[in-house]
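This report looks at charged side-chain pairs and at one backbone angle. Keep the sequence and the structure in view while reading.

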Amino acid sequence: MAACWGTWTGRHVLSVATGAGAVYLLYRTVAEALSSAPGGTDRYRLESPDHQDGLPVEEVLSRRVCEELLEMLRAQQDGRSRSAILRSITRCVYLMDAKNPTCSPEHIQLVASCLDDHNGDTKVQALNTLRAFATRSLFTAQVQDYYPKILDLVISSRDTEVQVVALRLLNALPVPPNIEPLLRRAVPNLLGFLQWDNYAIQLQVLRLLIALSRKEELLPDILNCQPGKLLCEMLLLVEVLHGGCAKPRRPSKSPKSGSCSLYEVLFGENSHLDEHLLVMFVHPEERVQLQACKLIMSLWLYKLDAEIAAAALGKHGAGSAASLHVSPSGESIF
C-alpha cells in the first residue's frame, strides 16, 4: 500500500473509508439473517488461523479496518480525506471489544495530532475519535494526557462546533491531577461562556463546572470569580422572577412551592436571599451593586406588604370570630 500511495487521491481515500462501512453493513445483514434462521447461532463467528479464539466477525472486521484506516491517516494530509478517515475510525473503535482493543498509544497520539489541523471538520472528527478512545478504560489515561490541549481548544477556538465537541470530550474524561493552575486560569473564560446565546455550549460548560466544583482545590476559585456582566444578568433574572411571583393571579397559575422548587429556594421562608445578597455591596463593579440593591429592596418591600396584609387579616379574623361567639345582648350564644 505504501508503494502505491503516491498515486492515490483524496477521492480514493474517501471511497475506501466509505467502503469499510459498507462492508460492515453487508456483514450485519448476513449475520442477522443467519442468527434468525432455524437452527441459527446467536452470534456468527469467524474461525481463522489468525484468530484462534473465535472472535465475532464484526470484531475481527472492525480491528482490521481500524488498523488500515490508521495507516491511511498517517500518510494522508488532505483535510477532507482525514476527516472521513477519522469518522470511520470512530465507528470502528466503538465496535471493538472494550477489554481487548487492538489500538496502541501511538495511534492515539496520531489522532491527537489532527487537533492541530487547519481544517475545522478534521478537528471535530479527531475530538470525536478521542472521545471514542476515552470510552475504553485502557486508553482513558492516554487521552487524559491531552486534557490541556483540549481545554485550550475550548478557550481559544473561534469555531463553536469545535468548542462544543471539545467540551463534550472534557466531560467524558476524569479531571486529571496536577493541572489546577491551568484550570484556575480557565474558570473566568468558562463562566463567560454562560453568557453566550448558545444552549449547547452553556449546557456543556455547566456540566464541566459541576465536575470542577467537586475538586476542593478549585471550588474557591469558582466561588470567588466575579464576572460582572454575568452577575448582573443573574440578578436581573431573579428580580423579574420575583416580580412575576408577586403579581396576583389565579390559583391554577400560582407557582408551585415544593420543597425542591426554584421558587422555594429563592423566595421561600427559609431562603434568606436578601441577607445573602448583602455581600454584593463589596463587588468592585458599581452596576452589580446597584442591581443587588434593587433586588434587595424589592424583596424587603414584598415582605413588608405581606406582613401588613397578614396583620390586617388577623384583625379582621378576630373581629369575625367575636361576632360569632357573642349575641347582641352580650351573652354567648353557645
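## Salt bridges and a loop residue

Arginine 87 counts as partly exposed, at 31% relative accessibility. The model it belongs to is predicted. Its partner in a salt bridge is aspartate 121, with the closest N and O atoms 3.6 Å apart. Arginine 87 is in helix H3 and aspartate 121 in helix H5, so this pair ties together parts that are 34 residues apart in sequence. Aspartate 121 is also partly exposed, with a relative accessible area of 32%.

A search of the whole structure finds six salt bridges.

| Salt bridge | Closest N and O atoms |
|---|---|
| Arginine 82 and aspartate 117 | 3.1 Å |
| Glutamate 285 and arginine 287 | 2.9 Å |

Arginine 82 forms a salt bridge with aspartate 117. Arginine 82 lies in helix H3 (residues 79–95), while aspartate 117 lies in the loop between helix H4 (105–113) and helix H5 (120–134), so parts 35 residues apart in sequence are tied together by the pair. Both arginine 82 and aspartate 117 are buried.

In the pair of glutamate 285 and arginine 287, glutamate 285 is partly exposed with a relative accessible area of 27%. Arginine 287 is partly exposed as well, at 44%.

Most residues other than glycine have a negative phi. Asparagine 178 is exposed, with a relative accessible area of 70%.

Notes
Residues numbered from 1 in each chain as written. Predicted model: local features only at pLDDT ≥ 70, side-chain atom pairs only at ≥ 80, totals over all residues. Heavy atoms only, no water. Buried < 20%, exposed > 50% of the residue type's maximum accessible area, 1.4 Å probe, protein only. Salt bridge = Lys/Arg side-chain N within 4 Å of Asp/Glu carboxyl O. Helix = DSSP H or I, 4+ residues; strand = E, 2+ residues; numbered from the N terminus.
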